[in-house]
Amino acid sequence: VTRLFQFLVDGVSTGAVYALIALGYVIIFKASEVVTFAHGGVLAIGGYMIWYARDRWFKGGGQGNFWLAVMVGLLVAIALSLVVERLFIRRMQSKSASIIGICILTLGLDVILETYSNYGVASSGKELLDLDNPWGLGATSVLGVRVSDARIAALAIGTVVITALFLWLKYTDWGVAMRATATNREAASLMGIRLGRVSMVAWAIAGALATIAAIFLSAAPAPGFDGGTGRLAFKAFPAAIVGGLDSPRGALAGGLTIGIAESLTKGYQSNLTFLGAGFYAVVPYVVMLAVLFVRPTGMFGTKAVSRA
Amino acid sequence: VPDPRSKWPRYVGVAALYAVALYVPFGVEQRNWLTPLNLAMAAAVGAIGLNILLGFAGQLSLAHPFFVAVGAYGYSFFSSGYDPVTRGVAKSDRLSGVGLHPLLSTVVVLMLAAVLGALFSPIAGRVKGIYLGIASLGLVFLTDHLLQNVKRVSGGFNGRRVPVYDVGFTSIEKCRPKECIVNGVPFGQPEKLWYLLLAVVTLSFILARNMMRGRPGRALQALRDGETPASVMGVNLVRYRAAAFMVSAMFAAMSGVMYALANGNITPAEFGVDTSVAFLAMVVIGGLGSLGGSIVGALFVRILPDFITRHGEKIPFVAAADNPNGLKPLAMARFIYGGTVIVLLLFEDGGLAGLLRRARRAALRVRSSERRVVLVRGLAGQVDP
C-alpha cells in the first residue's frame, strides 16, 4: 500500500507539471481558436534561457540568483509568445487562413525553436544542462513515502499557480473577457472586448506556464535540461485532449490522469513486461487514443469542439 | 511570348524533366547524390499520400511515420529469407522473416497498412482537422515504442537490414560483369534502384492524380471546403474521411518499402516526430493540393541536409565537420525548411505550385494587356489589329 501511495504522490506531482503545460494549450485555444504545436519550442527556449541567464549573468550565489534567472526565462518566453501571436498567428487569422494552416505554421516554429535550443545545449559542451535549482537532489520522507524536494515544490507551485489562474479566470475582468471570447467571439467583440488583446494575454500566460513547467521537467528526479525537454510538451497534449481542449478544469483533470497513469505503469512495470520496456513513456498517448475512441470530445469537452 | 494557356509548354517541361531524370545516374557529379536522391524519391510517394489527406481532405495527420514504418519493417519482415534460386525460405537469416516473394510482400504490406488505417478509422473518420493531428501524434510515439520492443521483427534499437530486392529484370542486386558497366559508368544497386523508384513515383503520381480528379477527389475537396454543403450533396463524411486516411496510409507504406530499399537498413530513429514534421513540410512547400509539388517538396526537404553537408563551407553559420561549436548541417536544414514553411504559409499558401500559378497568371495578364493595346491602337487606326 505504501508503494501504491508513493506512486500516486509521484503521479500527482508529475501530473501538476503536465497540467501547467496543458493549461497553456487550453487557454490559447479558448482565446484564439488555435492549437499551438510551438508550445514545446517556447518551453525549450524558456528553460534554456533560465540556464543561460544563470550561467552567464547570475553565476553562483544563493537562491536569489536562481529566481532572477527564472525571471529572465519567464520574460523571454512571454516576449517570444507575444511575438509569435502578433507576427504570425494574428497575420494568419486576418487573412482568414485555415486552422490547419496555422497549426502547420506553429509546427514550423516549433522546429526552429527546438533546433535553436538543441543547438544551445550542444554548443554548451554538456550533455545535460543543470538549471541549478534550489531544491537540488534532496528528498523528504513523509509517512514512509519518499518524495524529492523538487517534486514537492512542483506540487506546491503548480497548485498555487493553477489556483491563481482559475481565480483570475473567474473573477477578474480579463478572465471574464477571456471566457466571453471563448463562448462567442463575435458577440464578445460587439460587447467591446478587444479580441486581439485577449489573445495576446492568453499567449503570454501560456508562455509563462510553459517556462514554469520547464523548471520542473528538468529538476530531480529528471536528470536535467536537454534537447528532449521541449518534446515533453507533446505529452501534455493527451492531457489537454483527455480533458477536452476547451476546458481548463479538464486540462487539470487530464494532467493528473496522465501523470498518475504514467507513474503507476512506471512503478509496476516489472509486472507489465508483456507491454515492453519503457511502456510508461507512451501511456499518455495510449490513454488519449482510448478516450478518443470512446468519446471524441474528451471527458469535459463540449460536443462542438471536436466534432463536425 | 508563348500562349500561357497552351498545354505544350507543360508537355515539353515533363519530357525535359524525364530526360533529366533518366540521365541522372550517368551524370558523373550526380553519382554521389544517388542515394540521397533515391531516399527523396521514396519520400515523394509518402508526401503524395499525405497531400491527399492534408491538401484534399483537409485532415492533419502526424501519424505518417507510423505507416512508413509499417511499410519499411513489414517489407523487410515478409521478404526476409526469400531465396530467389529456390523461391523458398532460406534458413540463414538471423532475424525472423516470412520469406515471401518481394513483390508479394509489398502487396501484403500495402494491405496491412490499409487494414491498420481502417482500424484507426473510428478516430480518423469522426475526428476533424487538427484534432486528428493531435490524436495521430499518439501513433507516432507508439511507433517508436513498438519498434524498440518487438525485437523479433524490428531488431530493436539497432534496427535491421533490408533484404535485397532481386526480382526478374527489375532486380537491383547482382549483374553479370558485362552489364555492370553502361556507357562507361558502373551500373550497380543505386543506379538500378533509381529507375525502379522513378517508375514507382510516376505510377503513384498518376494513380493519385486520377483519384483526386475523379469522384473521390471532388468529394474530399467538397467536404474540406464545407461539411454541410458536402453532406447535402450526398458525400458520406465519415466514410470519405476514413477512406482518405486509409489511402494515404497505403502511400506511406509504399514509401516505407522504397525507403527500406534505398537505405539498406532501418532503425526506429527514422520514424519519429521529426519525420512527421518533415513530411508536412514537403507537402506545404510543394503546395497543398498539388501532387507534383509534393514531389518537388520531398526532393527539397530530403536533399537539403546533404546539400548543406557538401557545401557547408560556402554557407554562413554552418560549422566545418571538425568544429563542435558550429551549427550542424542538419540543424541548418531544419532552420531553412522550418522558415520556408512559415514564410510560404504567410505569403503564399499554395506553396511552390501557388507561386508557379501566380507567375502564369501574371504572364497571362501581360499578354492580354498587350492584346488590348494592339486592339485599341487598331481602333484608333494606328495599326492593323
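## A walk through two chains

Just after helix 12 of chain B, B:Gly287 takes a positive phi of about 120°. That's our way into this structure, which is a predicted model.

### Helix 12 of chain B

Helix 12 of chain B covers residues 273-286, which makes 14 residues. From its first C-alpha to its last it reaches 20 Å, close to the 20 Å expected at 1.5 Å a residue. Is this helix mostly enclosed or mostly open? It's largely enclosed by the rest of the structure, because 13 of its 14 residues are buried.

B:Asp274 sits in this helix, and at 32% relative accessibility it counts as partly exposed, since that value is between the 20% and 50% cut-offs. The side chain of B:Asp274 has a partner: it meets the side chain of B:Arg334 in a salt bridge, at 3.5 Å from N to O. B:Arg334 belongs to helix 14 (residues 329-347) of chain B, so the pair ties together parts that are 60 residues apart in sequence.

### More charged pairs

Side chains of opposite charge can pair when their charged atoms come close. Over all chains, the structure holds 10 salt bridges. Here are some of them, including the pair we've just met.

| Residue | Partner | N to O distance |
|---|---|---|
| A:Arg151 | A:Asp10 | 3.7 Å |
| B:Arg334 | B:Asp274 | 3.5 Å |
| B:Arg358 | B:Glu348 | 2.7 Å |

Take the chain A pair, where the side chains of A:Arg151 and A:Asp10 meet in a salt bridge. A:Arg151 lies in helix 5 (residues 149-171) of chain A and A:Asp10 in helix 1 (residues 2-32) of chain A, so this contact ties together parts that are 141 residues apart in sequence. Is A:Arg151 buried or exposed? Despite its charge, A:Arg151 counts as buried, at 17% relative accessibility.

Back in chain B, B:Arg358 forms a salt bridge with B:Glu348. B:Arg358 is in helix 15 (residues 351-379) of chain B, while B:Glu348 is in the loop between helix 14 and helix 15 of chain B, so the pair ties together parts that are 10 residues apart in sequence. As for cover, B:Arg358 is partly exposed, with a relative accessible area of 47%, whereas B:Glu348 is buried at 11%.

### Two patches on the surface

Now for the outside. In chain B, a positive surface patch is formed by B:Lys7, B:Arg10, B:Arg213 and B:Arg360. One of these, B:Arg10, lies in helix 1 (residues 8-23) of chain B. B:Arg10 is exposed, with a relative accessible area of 52%.

Chain A has a patch of another kind. A:Leu4, A:Phe5 and A:Leu8 make a nonpolar surface patch of about 240 Å². A:Leu8 is found in helix 1 of chain A and is partly exposed, with a relative accessible area of 31%.

A:Ala19 and A:Phe216 are 12 Å apart in space, C-alpha to C-alpha, but 197 residues apart in sequence.

Between helix 1 and helix 2 of chain A comes a loop, and A:Glu33 has its place there. Most residues other than glycine have a negative phi. The phi of A:Glu33, though, is near 55°, a positive value. A:Glu33 is partly exposed, with a relative accessible area of 40%.

Then comes helix 2 (residues 39-56) of chain A, whose 18 residues should span 26 Å at 1.5 Å a residue; its end C-alpha atoms are 25 Å apart, which agrees. How many of its 18 residues are buried? The count is 15, and the helix is mostly covered.

### One last stop in chain B

B:Trp194 is found in helix 8 (residues 189-213) of chain B. At 4% relative accessibility, B:Trp194 counts as buried. The C-alpha atoms of B:Trp194 and B:Ala42 are separated by 10.0 Å, and the two residues are 152 residues apart along the chain.

Notes:
Residues numbered from 1 in each chain as written. Chains lettered and ligands numbered in written order. Predicted model: local features only at pLDDT ≥ 70, side-chain atom pairs only at ≥ 80, totals over all residues. Heavy atoms only, no water. Helix = DSSP H or I, 4+ residues; strand = E, 2+ residues; numbered from the N terminus. Expected span 1.5 Å × (residues − 1). Buried < 20%, exposed > 50% of the residue type's maximum accessible area, 1.4 Å probe, protein only. Patch = residues over 30% accessible without salt bridge, like charges linked within 9 Å, V, L, I, M, F, W, Y side chains within 5 Å. Areas by Shrake-Rupley, 256 points an atom, 1.4 Å probe, with all protein chains shown as cover. Salt bridge = Lys/Arg side-chain N within 4 Å of Asp/Glu carboxyl O. Lys, Arg positive; Asp, Glu negative; His and termini not counted. Charge placed at Lys NZ, Arg CZ, Asp CG, Glu CD.
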